[in-house]
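Hi everyone, thanks for coming. Let me put the sequence and the structure up, and then we'll walk through a few spots together.

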Amino acid sequence: MRRSASPLSLVLLGLGVFLLVLAPLLAWYVEPRAKRTPIDVESTTVLTGTGSYFDQQALKTRKGEKLTVTRRVLGNVAESDKHDVAVWDVSQTIDTPTTLKRDDPRKSFQWTTERWVTDPRTNRPVHCCEESPAPFAGEAYLKFPFDVEERGYTWWDSTLGDTVPLRHTGRERVKGHEGLRFSGSVDPVRVGHRQVPGLLVDEPERGQVQAEEWYANEDIDLVVDQRTGRLLRVSIAPRVTLRAPGGEKDAVTLLRSDKLEFTDATQREQVRLAARDGRKLQLVGETAPLAGAAAGVPLALSGAVLAARGRRPRRGTPGHAQNDETSGR
């Protein structure tokens with residue numbers, strides 16, 4: 001007797017095997033390749049707070065003023081594709097109430113431009129493509145690596161020109177979205193020199209002096225999305241001062257704030273982007289593989305059982321008729 005599998009059994013078996021193959025493929029091949037730092041990024045983050053700054057026109061420090069830090073990030077797709085890296089061009093301005101009204105970043109209180117180059121898979125720095133600052137180091141800069149762990153990280157501080165150790169300090173919700181919290185600080189350290197009138201640093205007998213520029217950051221507080229490494233909330237307390245050459249006391253406060261923090265609008269946008277990207281990674285790495293495996297097993301088993309049973313031969317075939325005649329003799 002000839003037995004053949006039904007079309008339904010073959011369809012079920014094929015679909016089940018396809019889903020069982022697809023599940024690990026998504027989890028072990030597709031998801032790791034989806035965890036890459038985006039290169040076509042274009043974003044703006046804003047920190048605000050109150051503090052002090054040195055007014056060069058009035059030659060005095062103004063206190064209790066609103067300070068605004070605006071960072072614009074633009075991905076350089078051409079350079080990134082050429083070297084298989086993530087190249088981000090960054091422009092940052094610090095504005096006072098007066099300079100904030102101006103559209104030209106060159107007229108802000110302070111304007112800096114940087115080029116960050118990282119490995120899109122590990123988030124580690126890559127030293128190429130006219131990076132600036134050069135070289136830089138650490139594990140976290142404008143973002144953390146994917147799948148952030150509950151441990152300490154090294155954070156690059158451009159003003160310091162070095163890394164800052166951050167310690168994991170628990171979890172915190174930002175606009176309803178939970179992230180990992182990291183904290184650190186920078187003790188006062190000399191970061192450079194600046195030529196100023198001696199009178200400015202309490203040395204009136206000297207015309208011009210190479211004053212020492214000192215920097216500190218008393219409270220670095222970050223909340224990071226664990227899956228994507230995106231910064232949900234940033235709070236810093238920078239202090240930049242001048243001292244007389246060899247001096248032990250601050251003579252002039254160039255910039256100081258006890259707290260500069262992401263605005264509510266920036267926090268909401270960061271949370272939205274983290275949730276969106278997190279859902280995509282979860283779909284590819286967890287939801288789809290689990291669903292595929294859960295559906296593939298019963299489909300493959302059902303198809304295999306039906307194929308094994310085959311189609312029962314019909315009565316009345318020539319073989320049956322011959323047997324009946326023989327049995328009736």
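So, which residue in S4 does Ser91 stand opposite? It's Thr113. Before going on: this is a predicted model, where local features need pLDDT of at least 70 and side-chain atom pairs count only at pLDDT 80 or more, while totals for chains, interfaces and linings use all residues. Residues are numbered from 1 along each chain as its sequence is written, and side-chain values use heavy atoms, leaving out hydrogens and water.

Okay, S3, residues 86–95. Strands here are DSSP runs of E, at least two residues, numbered from the N terminus. S3 pairs with S4 (residues 110–118) in the antiparallel sense over 9 bridges; pairing needs at least two DSSP bridges between the strands. S3 also pairs with S2 (residues 60–75), again antiparallel, over 8 bridges, and there Thr68 stands opposite Asp95. Since 9 of the 10 residues of S3 are buried, the strand is largely enclosed by the rest of the structure. Buried means under 20% relative accessible area, exposed over 50%, and partly exposed in between, with a 1.4 Å probe and protein chains only.

Next, Arg243, in strand S10 (residues 238–243). Is Arg243 buried or exposed? Buried, with a relative accessible area of 11%. Not counting residues up to four places away in sequence, Arg243 touches several residues, including Trp214 and Asp250; touching means heavy atoms within 4.5 Å.

Last one: Val189, in strand S7 (residues 177–197). Val189 is partly exposed, at 30%.

Terms used:
Helices (H or I, at least four residues) and strands (E, at least two) are DSSP runs, numbered from the N terminus.
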